[in-house]
Amino acid sequence: MKYEGSCHCGNVAFEVEGEFAEALDCNCSFCRKRGGLLGFVPMTQFELKTPREKVSTYTFKSHAIRHNFCADCGIAPYSEATAPDGTAMAAINLRCIPAVDIGALKINPFDGASR
């Protein structure tokens with residue numbers, strides 16, 4: 001299914017193709033504070049609909065994940081990284097997709113704090 005999503009103000013908008021029945025709830029220092037619920041797709045299923053210049057990026061620790069956010073409203077709708085097999089991946093903050101029923105998702109805790 002194709003979904004549209006964005007940050008709060010709409011300056012960072014995207015489309016993503018995927019089936020989202022589950023979400024990852026990471027407890028690392030960053031994810032815990034921002035409160036995102038993550039769904040994962042290959043970057044080939046993600047399309048940024050706004051100019052890349054609208055996207056700000058934050059990295060920390062190993063700098064392996066590019067946490068993308070809107071510099072105007074501060075919302076982080078997606079991140080980018082490479083899977084262990086080399087596939088470019090997008091981690092979508094499912095809270096940024098209005099059509100996803102958050103209450104219907106199976107939430108899977110992830111212990112990112114111990115990594």
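This is a predicted model: local features need pLDDT of at least 70, side-chain atom pairs count only at pLDDT 80 or more; totals for chains, interfaces and linings use all residues.

Colleague: How many bridges join β1 to β2, then?

Modeller: Five bridges join strand β1, residues 2-6, to β2, and the two run antiparallel. Another of the pairs is serine 6 with alanine 13 of β2.

Colleague: What do β1 and β2 form, and how many residues lie between them?

Modeller: They form a hairpin, with six residues between the two strands. In the turn, glycine 10 has a positive phi of about 90 degrees.

Colleague: Which strand does β2 pair with over three bridges?

Modeller: That is strand β5, residues 46-48, and the pairing is antiparallel. Within β5, leucine 48 stands opposite phenylalanine 14.

Colleague: What is the order of the strands in the open sheet?

Modeller: The order is β1-β2-β5, three strands with antiparallel pairing. Since β1 and β5 stand at the edges with a single partner strand each, one side of each is left without a neighbour in the sheet. From one strand to the next, the twist averages 20 degrees.

Colleague: And how many of the five residues of β2 are buried?

Modeller: Four of the five residues of β2, which spans residues 13-17, are buried, so the strand is largely enclosed by the rest of the structure.

Colleague: Let us turn to charges. How many salt bridges does a search of the whole structure find?

Modeller: The search finds three. As background, side chains of opposite charge can pair when their charged atoms come close. One of the salt bridges joins the side chains of glutamate 15 and lysine 2, at 3.7 Å from N to O. This pair links distant parts of the chain, because glutamate 15 belongs to strand β2 and lysine 2 to strand β1, 13 residues apart.

Colleague: Are those two buried or exposed?

Modeller: Glutamate 15 is buried, with a relative accessible area of 16%. Lysine 2, at 53%, counts as exposed.

Colleague: Which residue does arginine 52 meet in a salt bridge?

Modeller: Arginine 52 meets glutamate 80, side chain to side chain, at 2.8 Å from N to O. Arginine 52 is in the loop between β5 and β6 (55-58), while glutamate 80 is in strand β8 (residues 78-82), so the pair ties together parts that are 28 residues apart in sequence. Glutamate 80 is buried, at 9% relative accessible area, whereas arginine 52 is partly exposed, at 41%.

Colleague: Which residue meets lysine 49 in a salt bridge?

Modeller: Lysine 49 meets glutamate 47, with 3.4 Å from N to O. Lysine 49 counts as partly exposed at 45% relative accessibility, and glutamate 47 is partly exposed with 40%.

Colleague: A new topic: how many disulfides are there?

Modeller: The search of the whole structure finds zero disulfides.

Colleague: How far is the sulfur of cysteine 73 from the closest cysteine sulfur?

Modeller: The distance is 3.7 Å, to the sulfur of cysteine 7, again too far for a bond. Cysteine 73 counts as partly exposed, at 28% relative accessibility.

Colleague: Where does histidine 67 lie, and is it buried or exposed?

Modeller: Histidine 67 lies in strand β7, residues 66-70, and counts as buried at 5% relative accessibility. Its side chain makes a polar contact of 3.2 Å with the side chain of serine 79. Leaving aside neighbours within four places in sequence, histidine 67 is in contact with residues including Phe30, Arg34, Tyr58 and Tyr78.

Colleague: Finally, where is isoleucine 97 found?

Modeller: Isoleucine 97 is in the loop between β9 (88-93) and β10 (106-110). At 1% relative accessibility, isoleucine 97 counts as buried. Not counting residues up to four places away in sequence, isoleucine 97 touches several residues, among them Tyr3, Phe14, Val16 and Phe20.

Key. Residues are numbered from 1 along each chain as its sequence is written. Side-chain values use heavy atoms; hydrogens and water are left out. Buried means under 20% relative accessible area, exposed over 50%, partly exposed in between (1.4 Å probe, protein chains only). Two strands pair if DSSP finds at least two bridges between them. A polar contact is a pair of N or O atoms within 3.5 Å; within protein, one must be able to donate a hydrogen and the other to accept it, and residues adjacent in sequence count only if both atoms are side-chain atoms. Contact means heavy atoms within 4.5 Å. Axes are lines fitted to C-alpha atoms, for helices over the stretch in contact, and angles run from 0 to 180 degrees between N-to-C directions. A disulfide is a pair of cysteine sulfur atoms within 2.5 Å. A salt bridge is a side-chain nitrogen of Lys or Arg within 4 Å of a carboxyl oxygen of Asp or Glu.
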